[in-house]
Amino acid sequence: MRARYLQLSRRGFIASAVAATALPPAMVAPLSAAESGPSLGAIAASKGLLFGASFSTAELDQPYGPDYARIYRDDARVLTAELELKMLILRPAADTLDFSGADRLMAFARENGQGVRGHTLIWNDNNPDWINRLGPGEVEYLLETHIETVMERYPDIRSWDVVNEPIGPWDQLPGNLRKGAFLTALGESYIARSFEVARRVDPTAELVLNEAQTESADENGQTFRDSFLALVRRLKDRGAPIDTIGLQCHIDTKRPYDFPRFAAFLAEIADMGYRLAITELDVNDRALSSDIKARDREVAAIYRDFLGAVLPIDAIKTLTLWQMADHTSWIYYDDVRENPGRKRRPRPLPYDSKFQKKPAWFAIAEALEAMPARLK
Ligand code: XIL
């Protein structure tokens, strides 16, 4: 928590009240001939899949802001707020609401005709410290008013991560539920409760339960899959109004993977009647080759194998990456903070730090071309 908080401030996330303005066309770098084919968003849309990525308004203020904006305009049909809608940002103090970053993100999306995914309403992490000092009744009130206030302010957001990362085996609590203010105050019912409030506020928005670490073919992945599936079954029995199960899919090359096995897990959830979303896909390349060309090919192969295994599942209607350019990835920011002098830097995404397409971009494009069109 502390490390993440520091990262937020190190990135210079200053919630500015200035609304984003349209960039003059001259500031947008022209596409080279090789790059002018259909965008990832367009290929995905032709198959009935919504494609996009997480987006940080702070990146627009960097010298490379115009290029950052360009790749999102080109490829992303939906933006996930990487930081702007988290409680830590929206409620820096108990009596303060700061919507400036979220408003700016909404303005950018509106100008470019993009949708926005609301990430995230309730999470037992990335919260301001002051919520840990509230009593149970106050936490319950916060949960309700927070969901109401944020959803009512952004009716254009048609898909919400209502609860993020409910599982945390390291906390060793019943059901492997993740510790935090909401669980402490309300027990497991904080999850169903959040969805009930969200449904009441917006009866037609897509309500998503989002989880991490379910992908790997090791004990950790198995524990996450078993605990999460058991939780989803309990929520279904209780009638919690969940439309979609989101799986983050931060792939870490230090772990073993068996993507067909992960696809079988997704199919099991789909069989329960839920839609699915891949919500935060990226590839941490830390265990791959040092040679950049070789590493880029290896990362591309992982995107190809992963998407080849999961995209045939018709229930997956949304695919979002966690950022699109290497140097704007949380993996990159963490690496710079943890290993300041290092030459090797992470290359987890489809664009490099010059906003050029990498082999991963083409692997994603090919996987989208190859996937079956959605039935409905
Ligand atoms: C991360 C952001 O990328 C970081 O910049 C921030 O410091 C911490 O949060 N799972 C999630 C995301 O659901 O919200 C996290 O985003 C990455 C892991």
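The model in the viewer is a predicted one.

Select α5 itself, residues 100-111. This helix of 12 residues reaches 17 Å from its first C-alpha to its last, close to the 16 Å expected at 1.5 Å a residue. Helix α5 is mostly covered, with 9 of its 12 residues buried. Colour these in turn: Ser100, Gly101, Ala102, Arg104, Leu105, Met106, Ala107, Phe108 and Ala109 are the buried residues of α5. Then step just past the helix to Gly113, which takes a positive phi of about 65°.

Next, display α8 (residues 189-201) together with α9 (residues 219-238). Their axes come within 11 Å and cross at roughly 55°, which means that α8 is oblique to α9. The crossing of these two helices is right-handed. To view the contact, show the side chains of Ser189, Ile191, Ala192 and Glu196 on α8, and of Leu231, Leu235 and Arg238 on α9. By class, this contact of α8 with α9 comprises 4 nonpolar, 1 polar and 2 charged residues.

Finally, centre on His327, in the loop between β9 (316-321) and α12 (330-338). His327 counts as buried because its relative accessibility is 10%, and the cut-off for buried is under 20%.

Definitions and conventions:
Residues are numbered from 1 along each chain as its sequence is written. This is a predicted model: local features need pLDDT of at least 70, side-chain atom pairs count only at pLDDT 80 or more; totals for chains, interfaces and linings use all residues. Side-chain values use heavy atoms; hydrogens and water are left out. Axes are lines fitted to C-alpha atoms, for helices over the stretch in contact, and angles run from 0 to 180 degrees between N-to-C directions. Helices (H or I, at least four residues) and strands (E, at least two) are DSSP runs, numbered from the N terminus. Angles under 35 degrees count as roughly parallel, over 145 as roughly antiparallel, 65 to 115 as roughly perpendicular and the rest as oblique. A crossing is left-handed if the near helix is turned anticlockwise from the far one by less than a right angle, and right-handed if clockwise. Contact means heavy atoms within 4.5 Å. Ala, Val, Leu, Ile, Met, Phe, Trp, Tyr, Cys and Pro count as nonpolar, Asp, Glu, Lys and Arg as charged, and the others, Gly among them, as polar. Buried means under 20% relative accessible area, exposed over 50%, partly exposed in between (1.4 Å probe, protein chains only). The expected span of a helix is 1.5 Å times one less than its number of residues.
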